Amino acid sequence: MSSIPQAQERVLSTLNTDGSRRWIRPRPSRGRFYRRRLLTAWSLMLLFVAVPFGRIHGKPVLLLDVPTREFVFFGKTFLPTDTFLLMLLLFGIFVGIFLVTAVFGRLWCGWACPQTVYMELLFRPLERWIEGGRKRQLELDRRGADGRRMLKYAVFFLLSAFFGNIFLAYFVGTHRLAAWVTSSPAQHPAAFLVMATVTLLMFADFTYFREQVCLVACPYGRFQSVLLDQSSLIVGYDPGRGEPRAKLRKGRGEATGDCIDCLKCVMTCPTGIDIRDGLQMECIHCTQCIDACDAVMDKVGRPRGLIRYTSKAELETGRRRFLRPRLFAYAAILVAIFGTLGYSLAAKRSADVTVLRGLGAPFTRLASGRISNQIRLKIVNRSGEDRSYAFSLKNAPAGVELIAPENPLTVPRASSGLTAAFITAPPEVCASGEYHATLHIDDGIGFQEDVPLRLLGPVAHGDTR
Ligand code: SF4
Ligand code: SF4
């Protein structure tokens with residue numbers, strides 16, 4: 001008979017020593033931090049739903065349209081050709097994460113990460129409401145699912161479908177999403193498959209994977225040892241004040257610390273750890289143990305803050321040090337990055353125009369004797385709609401003509417168009433070997449640009465300039 005090997009000790013808070021899943025059923029602690037987190041969470045959820053519908057000058061606030069390779073941030077369109085700006089933005093986000101983590105530790109994880117916000121402040125409260133509290137849930141885990149658990153799955157599925165669709169709106173836009181949702185899946189099987197996959201992934205996340213996403217899949221927690229320093233804000237237990245711990249009634253005396261070993265901080269922890277073991281990768285800094293312990297301290301008549309927002313340096317030395325060199329370095333890099341980005345964005349217009357010389361000979365002599373220069377006109381349309389760009393010559397010498405087979409040039413939204421045109425001139429205009437003109441581009445609804453042209457021709461015999 002084969003026997004399952006047992007680990008010496010628990011290697012992950014969500015695993016039993018025989019490798020089976022240890023379901024975490026935390027008991028909520030509704031203290032001051034919980035109430036603030038709840039308020040923050042609901043504001044963020046509303047924001048998450050509202051952002052895809054938001055518009056700035058008719059364009060989405062945020063759109064990451066991967067199929068058409070159009071990215072819109074705060075109403076400004078980035079195209080794949082804007083590699084530098086996108087790189088700058090990504091780099092800025094990374095440095096921002098470094099800075100925020102160095103100062104506030106894992107504040108993001110506990111207060112704003114969508115995984116925590118939805119899991120801890122929407123799905124778990126709903127679960128408790130439908131199934132009952134911690135004891136009842138643990139009982140269900142032992143006995144198997146009943147009607148209430150099935151009802152919970154149904155509610156979770158509907159919510160996953162809703163949030164899954166909102167999530168998709170960030171990538172396909174609300175108009176396309178509305179068309180998908182209101183038409184038969186047979187008309188858009190690929191889109192339906194994407195919607196179904198996103199819904200199922202969300203459902204699996206909030207019913208099965210849960211806190212394991214933070215413990216196993218998320219790289220952020222694993223980087224905390226390099227991102228945090230001694231002065232970063234953490235949720236920490238003060239062993240100097242709490243130890244030696246002792247149960248309230250048994251053997252407590254002058255020499256015992258404030259911790260009464262009630263385990264309330266452990267039972268409330270959504271990742272199943274004991275904060276008293278020190279800073280751990282699994283701690284998402286959700287502050288539930290602070291609320292639990294503060295309530296206990298209130299009851300036993302001891303000051304709050306045995307578990308509190310603190311720093312490793314403060315726990316060890318009693319002194320807090322906020323300003324340190326790495327913060328200045330991160331802040332300086334951020335100012336440089338976002339300053340450049342902001343300037344570049346402000347300078348961006350609804351279209352980019354590039355005029356290139358035609359391939360081959362610099363000019364040709366036509367049968368009529370006129371001199372022809374070929375140009376290629378490339379226009380990148382950054383606006384949120386299809387546009388037609390008419391172009392004409394300005395400030396050209398008499399007799400110069402523009403011949404353009406495709407004028408106006410129609411360019412679909414978020415893409416580029418290329419066309420060729422010819423500029424012909426009588427030979428005397430380019431007697432010196434060149435002449436100048438201006439190409440005027442106009443989309444008829446606000447965008448205008450003048451591009452100076454240097455056009456070539458044969459030097460007339462006897463011209464010494
Ligand atoms: S809640 Fe406070 S008193 Fe109770 S075990 Fe945790 S640290 Fe100790
Ligand atoms: S140890 Fe405390 S702050 Fe960390 S995850 Fe558990 S309850 Fe949240």
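Predicted model: local features only at pLDDT ≥ 70, side-chain atom pairs only at ≥ 80, totals over all residues.
Residues are numbered from 1 along each chain as its sequence is written, and chains are lettered from A and ligands numbered from 1 in the order in which they are written.

V213 belongs to helix α9, residues 212-217 (helices are DSSP runs of H or I with at least four residues, strands are runs of E with at least two, and both are numbered from the N terminus). When neighbours within four places in sequence are left aside, V213 is in contact with Q115, D205 and C218, a contact being two C-beta atoms, placed from the backbone, within 7 Å. From V213 to S383 the C-alpha distance is 39 Å, and the two residues are 170 residues apart in sequence.

## The chain as a whole

The protein chain contains 16 helices and 16 strands. Its radius of gyration is 33 Å, well over the 23 Å that the globule rule gives for 465 residues, so the chain is more spread out than a compact globule (the radius is taken over C-alpha atoms, and the rule is 2.2 Å times the number of residues to the power 0.38). The C-alpha trace spans about 115 × 60 × 50 Å along its principal axes, and buried residues make up 26% of the 465 residues.

## Two domains

The domain assignment, which is automatic or from a database, gives domain 1 (20-348) and domain 2 (351-456). Their centres, taken over C-alpha atoms, are separated by 54 Å. Eight residues of domain 1 are in contact with four residues of domain 2, and the side of domain 1 that touches domain 2 has one nonpolar, four polar and three charged residues (Ala, Val, Leu, Ile, Met, Phe, Trp, Tyr, Cys and Pro count as nonpolar, Asp, Glu, Lys and Arg as charged, and the others, Gly among them, as polar).

## A hairpin

Strand β15 (residues 434-442) and strand β16 (residues 448-456) run antiparallel and are joined by nine bridges, where pairing requires that DSSP find at least two bridges. T438 has P452 in β16 as its bridge partner. Five residues lie between β15 and β16 in this hairpin, and G444 in the turn has a positive phi of about 80°.

Terms used. Buried ≥ 20, exposed ≤ 12 C-beta atoms within 10 Å, placed from the backbone.
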